[in-house]
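Please read the numbered points with the structure open.

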Amino acid sequence: MKIEGKKRLWQDYQKEIATDNYFYARSCIRQNFFPASEKTFLRVMREELNKDVYEDPRHTTCSGIVYHSDLVTMDTTMTVIARQFSLMTESGRKNYVPSCITSFGLYTEVLEMWEHFPELETKAREMLWKATGREFEKPENVAHASDIIYKFRNEIASRGKFRLVNHRTGQPLRGVEHIGCHYSKMFPHKGVGGAEYPYVLVGMIEAFGGEVVDYPERRHCCGFGFRQYVVKANRGFSISSSRKKFESMAPYKPDFILTNCPGCPYFLDRWQYAISEMEGVTYGENGYGIPVLTYEELAGLVLGYDPWDLGLQTHQVSVEPLLEKMGIPYNPATKYLGAQGQDLGRPEKPSVLKVY
Amino acid sequence: MKHVVVIGGGVAGMEASAKLSEMGVAVSIVEKADKLGGKLNRWDRLFPNSRPASDLLAKLQSGMGKDIRKYVNAEVSSVRQSLKQFDIALSNGEDFKADAILISTGFDVFDAHRKEEYGYGIYDNVITSADLEKTFRKGETLKTASGKKPQRVGIIHCVGSRDEKAGNNYCSKVCCITAVKQAIEIKEQNPEAEVFCFYMDLRMYDRHFETIYKEAQVKHGIQFIRGRLSEAFENADGSVMLKAEDTLLGKPLKINVDMVVLMAGMVPSSGNRVKEQLNLTVAEDGFFNVADAHYESSGTNVPGVFVAGACTGPKTMENTINEARSAALAIKEYLR
């Protein structure tokens, strides 16, 4: 692998990322999948980087999850997105930051459509006005939340307490990265690093001291892919996609998997358990799985946030092996305590996959 | 004596210059590289008969007599039409008047980096057909980046040709037969190697092409798989994993090969900059338009400016030489 070749390509895919005054839109599903990731993003932005990030409790789904499941028309989607933009306009912000990759892809797609077919924008404005009496301005900048963390990766690293380095050996920890399909596969120039060799997560891993491992099935679907999972009969495709990736990455012995999509970390995490039950196979060291992180969780770990405040106890694959390599202290006794100290109970132990 | 300036010193430019000179026309040939011959300097053997490229080059050079003024390491920096003449200035400071211009700027090889998913310039064992030709030209044996003889080689047709994503919808015409030629050459070097050609459809249109294609299969056991490569990826040992669909079997396909050769197509030459200065028109593929596709293929939309060779679209060496001669005759007629 010629890293110089990648660097040359990365230069062609640099995007403008706003530096402050963001309107933040949450994901429909991330708060269930990885409950503290969005909260961590806000904490990093507001408390560490002193950025203005505005959230409006009236914002809704972008409709991406139903659009990609063929349940709503593009007209509906455009109107929903127009309303989101109207909330941003009302807040006085011009930089739109979605938490979800599919939302990011859909906002980008709609803005591109409006640019090429202005009559569709006119139609969306009319529909929004008729439905809600609202108007909107288009954002000056749309960046995914992972773009923002990427933008400030060096600041986060310089404030960090821990690095992606094995604290016992001093060796960089090895990570594999997986971007969501809707990040740059539709519009390569809207993603940092493009679609084939994306840099957004690579840049974070490098800035935090780690090393990126490329593996043959890096581009393969994580196993979510909407219809693969949403349609129950297709779930075999979902787990076989994830399995293909694990089989391909395992020989490289990654210490962790980093993702930037709602679905990818969920499926890459949970299917490791399912595969272990179905086939008796595990992919991490000594019978454990390969820990899977969202980019916010990784930033939080680097900044020294308590792993349980980051929600890492909700992962199926134990993250403790990674914490131990990074030298991050954790308290097993508080792992399953809620925010008010209440006991949340213990998950049932898998029969094959080792967990802490 | 009438004076013609030939822009581009490759096959078409050399042959047209020789013929014009033979017909008593003063010729100046301008070439941006340090020697005449264009891409013939880089090719090893030519289809359909495996003739050494150097042999054809020597033949073309024999026509480049002393009467022809040769300017190498030079480009046309400006050209202006005044009445029936052209004022031409070169990058080396020379300037002269011409009664006619022949553009023979040829083509550029498609930049295979643009097919990012194939990994050229990123994976150690992905090369282009031009790279392979260079290896053969040096008399070297094809080897992987780690110095081993490749036992499995994948040849990918239509790289940058007939490709909406690359912005080139046209066929580059010579890649199919070049792939077959190079596949045979790989097998000649290493008969034990397995060679797989991934194609959309094989365009064996010219004389002898079908014969070579059959020879590749029957004599050399080269495998032809109808399916476009979707992506390539590097394995831990440096071999390359190819993903495609075998469209005859209707099945997805994944195979590992030690090396990949990308059949990079033809794109309009970056040397075509004179088009703005002369108000020449190009077609949607970026190659020069001709005055009449059937009857005046050497003419352009500007009287006194002629074209020959691959600057009007991909073509074989044979067609290029024929066009050069045709252009020489058309210019001679124009100068009368």
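1. Chain B is divided into domain 1 (3-106 + 269-335) and domain 2 (112-265); the bounds come from an automatic or database domain assignment. The C-alpha centres of domain 1 of chain B and domain 2 of chain B lie 31 Å apart. Their contact (heavy atoms within 4.5 Å) takes 17 residues from domain 1 of chain B and 21 residues from domain 2 of chain B.

2. This is a predicted model, in which local features need pLDDT of at least 70 and side-chain atom pairs count only at pLDDT 80 or more, while totals for chains, interfaces and linings use all residues. Residues are numbered from 1 along each chain as its sequence is written, chains are lettered from A and ligands numbered from 1 in the order in which they are written, and side-chain values use heavy atoms, with hydrogens and water left out.

3. How much area is buried between domain 1 of chain B and domain 2 of chain B? The value is about 1500 Å², with 60% from carbon and sulfur atoms; buried area is the accessible area (1.4 Å probe) that two parts lose on being put together, summed over both. Arg45(B), Phe47(B) and Pro314(B) supply 36% of what domain 1 of chain B buries against domain 2 of chain B, more than any other three residues.

4. Two salt bridges are counted between domain 1 of chain B and domain 2 of chain B; the term means a side-chain nitrogen of Lys or Arg within 4 Å of a carboxyl oxygen of Asp or Glu. Arg45(B) also forms a salt bridge with Glu188(B), at 3.6 Å from N to O.

5. Phe47(B) is joined to Pro48(B) by a cis peptide bond, with omega about 5°. Pro48(B) sits in the loop between strand 3 (45-46) and strand 4 (51-52) of chain B; strands (E, at least two residues) and helices (H or I, at least four) are DSSP runs, numbered from the N terminus. Most residues other than glycine have a negative phi, and most peptide bonds are trans.

6. Two non-glycine residues with positive phi deserve a look. Ser63(A) has phi near 85° and lies in the loop between strand 2 (53-54) and helix 4 (64-67) of chain A. His208(B) has phi near 80° and is found in the loop between strand 13 (194-199) and helix 5 (209-218) of chain B. Are these residues buried or exposed? Ser63(A) is buried, at 4% relative accessibility, whereas His208(B) is partly exposed, at 42%. Buried means under 20% relative accessible area, exposed over 50%, and partly exposed in between (1.4 Å probe, protein chains only).

7. Ser129(B) belongs to helix 3 (residues 129-137) of chain B and is buried, with a relative accessible area of 9%. Leaving out residues up to four places away in sequence, Ser129(B) touches Gln182(B), Val261(B), Leu262(B), Met263(B) and Ala264(B).

8. Chain B and chain A bury about 1600 Å² between them, 47% of it on carbon and sulfur atoms. Glu116(B), Ile122(B) and Phe233(B) supply 43% of the area that chain B buries against chain A, more than any other three residues. The contact takes 18 residues from each of chain B and chain A.

9. Three salt bridges cross the interface of chain B and chain A. Glu217(A) and Lys243(B) meet in a salt bridge through their side chains, at 2.5 Å from N to O. Strand 15 (229-234) of chain B and strand 16 (240-246) of chain B each supply at least two residues of the side of chain B that touches chain A. Strand 15 of chain B gives the most, with four residues.
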